[in-house]
Amino acid sequence: MKPARRYRCLVLLLTLCSVVIPAMAEQARPMADDPVLEERVLNLSRELRCLVCQNETLADSRAELAVDLRNQVREQMKAGKSDEEIITFLTARYGDFVLYRPRVRPVTYVLWFGPFILLAAGLVILFRYVKRRRDVIVDTPLSAEERSQAKALLDTEAGKEIA
């Protein structure tokens, strides 16, 4: 490789790195004024669902709405509200969906117990099917003629394998 070509490749690589690496960098988070409050916000955020991501907690999500909700939680905590008051406020506003682990209530029985009911129903259906299938299969011994035909087939197959 010629030195001029090597120099161009190096410049191209450095240019690419100078564009890609800053794009991957995250915005720096400011240091918390109150580490106890931030820990409390983080703990409560682990109990709440991100409304955008739906399968992540509020603490794990990087969506803008999640950031806004964490800021709301932080402001309410600064105002002196308890965790239960904040959860009550958020469930009144967004419904039980905002809870990462919904409460067991008549409305959520299907959510909590539905999989177990479906599993039990599937097992009952499987056992009935197997029992019915077992009753249909009749085990009858071979007659002398059928036995001799089977022996002849086996002898023929054994002869082919030897040859």
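Mentor: Below we go through the fold, the core, the cysteines, the salt bridges and the surface. Keep in mind that this is a predicted model.

Trainee: Fine. How many helices and strands are there in the chain?
Mentor: Six helices and zero strands. From the N terminus on, the order is α-α-α-α-α-α.

Trainee: What share of the residues counts as buried?
Mentor: 17% of the 163 residues. The accessible surface of the chain is about 13600 Å². Carbon and sulfur atoms make up 62% of that surface.

Trainee: And the contacts? What percentage join residues at least 24 apart?
Mentor: 42%, counted among contacts between residues at least 6 apart in sequence.

Trainee: Let's go inside. Which residues of the largest nonpolar core touch the most other members?
Mentor: L44, L48, V73, M77, I86 and L90. That core has 17 residues. Two or more residues come from each of α2, α3 and α4. The largest share is from α3, with four residues.

Trainee: Take M77. What does M77 touch, not counting residues up to four places away in sequence?
Mentor: L37, R40, V41, L44, D83 and I86. Of these, L44 and I86 are also on the list of core residues that touch the most other members.

Trainee: Next, S45. Buried or exposed?
Mentor: S45 counts as buried, because its relative accessibility is 0%. S45 lies in helix α2. Leaving aside neighbours within four places in sequence, S45 contacts T57, L58, A59 and R70.

Trainee: How far is the C-alpha atom of S45 from that of R74?
Mentor: 9.9 Å. S45 and R74 are 29 residues apart along the chain.

Trainee: Where do the two cysteines sit, buried or exposed?
Mentor: C50 counts as buried, at 0% relative accessibility. C53 is partly exposed, with a relative accessible area of 27%.

Trainee: Now charges. How many salt bridges does the count come to?
Mentor: Five. One of them joins the side chains of R74 and E38, at 2.7 Å from N to O. That pair links distant parts of the chain, 36 residues apart. R74 is in helix α3 (residues 64-78), and E38 is in helix α2 (residues 35-45).

Trainee: Why does R74 count as buried?
Mentor: Because its relative accessibility is 17%, and buried means under 20%. E38 is partly exposed, with a relative accessible area of 25%.

Trainee: Which residue does E47 meet in a salt bridge?
Mentor: R101, at 2.8 Å from N to O. E47 counts as partly exposed, at 32% relative accessibility.

Trainee: What about D155 and K151?
Mentor: Their side chains meet in a salt bridge at 3.4 Å, N to O. Both are in helix α6 (residues 144-162), four residues apart, so about one helical turn separates them. D155 is partly exposed at 47% relative accessibility. K151 is exposed, with a relative accessible area of 52%.

Trainee: Why does L111 count as exposed?
Mentor: Because its relative accessibility is 52%, and exposed means over 50%.

How values were computed. Residues are numbered from 1 along each chain as its sequence is written. This is a predicted model: local features need pLDDT of at least 70, side-chain atom pairs count only at pLDDT 80 or more; totals for chains, interfaces and linings use all residues. Side-chain values use heavy atoms; hydrogens and water are left out. Buried means under 20% relative accessible area, exposed over 50%, partly exposed in between (1.4 Å probe, protein chains only). Contact means heavy atoms within 4.5 Å. Accessible areas come from the Shrake-Rupley method with a 1.4 Å probe; for residues, only the protein chains shown count as cover. A salt bridge is a side-chain nitrogen of Lys or Arg within 4 Å of a carboxyl oxygen of Asp or Glu. A nonpolar core is a set of buried Ala, Val, Leu, Ile, Met, Phe, Trp, Tyr and Cys residues joined through side-chain atoms within 4.5 Å.
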